[in-house]
Amino acid sequence: MYSEKTRNKSLSSNGLMRAGNGLFSKDRSGIAAIEFAMILPVFVMLTIATVNLGHVFFVNHSMQRIAGETMRAVTYGELGMADAKKFADAELQDLVGDFNVDIKLLPNGTEVEVNIIAQTAASNLIDFPFANVALVRPELAVSLTNKVITRFDPAI
C-alpha cells in the first residue's frame, strides 16, 4: 500500500497537488488570462450591439414623435406641406443618420400622409461589423395617415 507521503509525492509529480496546499493552489500558468482573452471579444461585441440597438430604439421613437408633431401641424392647418417638411427636417437634423421625409395629400383630398424613413446603418453610433443593427433591420420607417382638419374645433 501507499503511505500518505508517497501518495502526496505522486500527486505533486503529476501536477495535481503541490506541497499539500490543495489542487492548483500555486498554479500560475495563465489559465485565467487565456479565458479572459477568449471571452473579452464576445463581451465587447455584446456591449457595442447593446449600445447600437438602444440608439436605434431612440431614433425610432424620435421619428415617431416628429412624425406625430408634423402630422398634427398639417392636419390642423398650422403648417403647409413645404413648411411641414422643413419642420420635420430641422427636427431630425439633431439625430445621427440620413432621413427621408415625405408629406403628401392623398388623392381623396381629405387625408394627409407623413412618411419618415431612415437607414439603420447610418444610425449606428459605433461601427462594428458583427454588432450592426442593419444586419437585422436595414431601415426604420414611420408612416402616419390622418384626416385634414382645416380649423381647430375642440368638439371633433
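Residues 24 or more positions apart account for 59% of the contacts in the chain with a separation of 6 or more, a contact being heavy atoms within 4.5 Å. The model behind that figure is predicted, with local features needing pLDDT of at least 70, side-chain atom pairs counting only at pLDDT 80 or more, and totals for chains, interfaces and linings using all residues. Numbering runs from 1 along each chain as its sequence is written, and side-chain values use heavy atoms, with hydrogens and water left out.

The chain holds 3 helices and 3 strands, and along the sequence they come in the pattern α-α-α-β-β-β. These elements are DSSP runs numbered from the N terminus: H or I over at least four residues for helices, E over at least two for strands. Of the 156 residues, 24% count as buried; buried is under 20% relative accessible area, exposed is over 50%, and partly exposed is in between, using a 1.4 Å probe and protein chains only.

Now for the sheet. The 3 strands form an open sheet in the order β1-β2-β3, with antiparallel pairing; strands pair if DSSP finds at least two bridges between them. Both β1 and β3 (139-147) sit at the edges with a single partner strand each, so one side of each has no neighbour in the sheet. From one strand to the next, the twist averages 10°.

Between β1 and β2 there are 7 bridges in the antiparallel sense. Lysine 104 stands opposite glutamate 113 in β2, and phenylalanine 99 stands opposite alanine 118, also in β2. The two strands make a hairpin with 5 residues between them, and in the turn glycine 109 has a positive phi of about 80°.

What sits against this sheet? Helix α2 packs on it, touching β1, β2 and β3, and its direction makes about 20° with that of β3. Helix α3, meanwhile, lies across β1 and β2 and runs at about 160° to β1. For these angles, axes are lines fitted to C-alpha atoms, for helices over the stretch in contact, and the angles run from 0 to 180 degrees between N-to-C directions.

Helix α3 itself (residues 81-92) has 12 residues and reaches 16 Å from its first C-alpha to its last, close to the 16 Å expected at 1.5 Å a residue; the expected span is 1.5 Å times one less than the number of residues. Its buried residues are Ala84, Ala88 and Leu92. Seen down the axis of α3, they fall within an arc of 70°, so they line one face of the helix; the arc is that of the directions from the helix axis to the C-beta atoms. An α-helix has 3.6 residues a turn, so residues three or four places apart point the same way. On the other side of α3, Ala82 and Lys86 are exposed. The cover over the buried residues of α3 includes α2 (31-75), β1 (99-105) and β2 (111-119).

A polar atom of the threonine 75 side chain lies 3.2 Å from the backbone oxygen of arginine 72. Histidine 55 is also found in α2, and its 12% relative accessibility makes it buried too. Histidine 55 and valine 133 are 78 residues apart in sequence, yet 9.8 Å apart in space, C-alpha to C-alpha.

Technical notes. A polar contact is a pair of N or O atoms within 3.5 Å; within protein, one must be able to donate a hydrogen and the other to accept it, and residues adjacent in sequence count only if both atoms are side-chain atoms.
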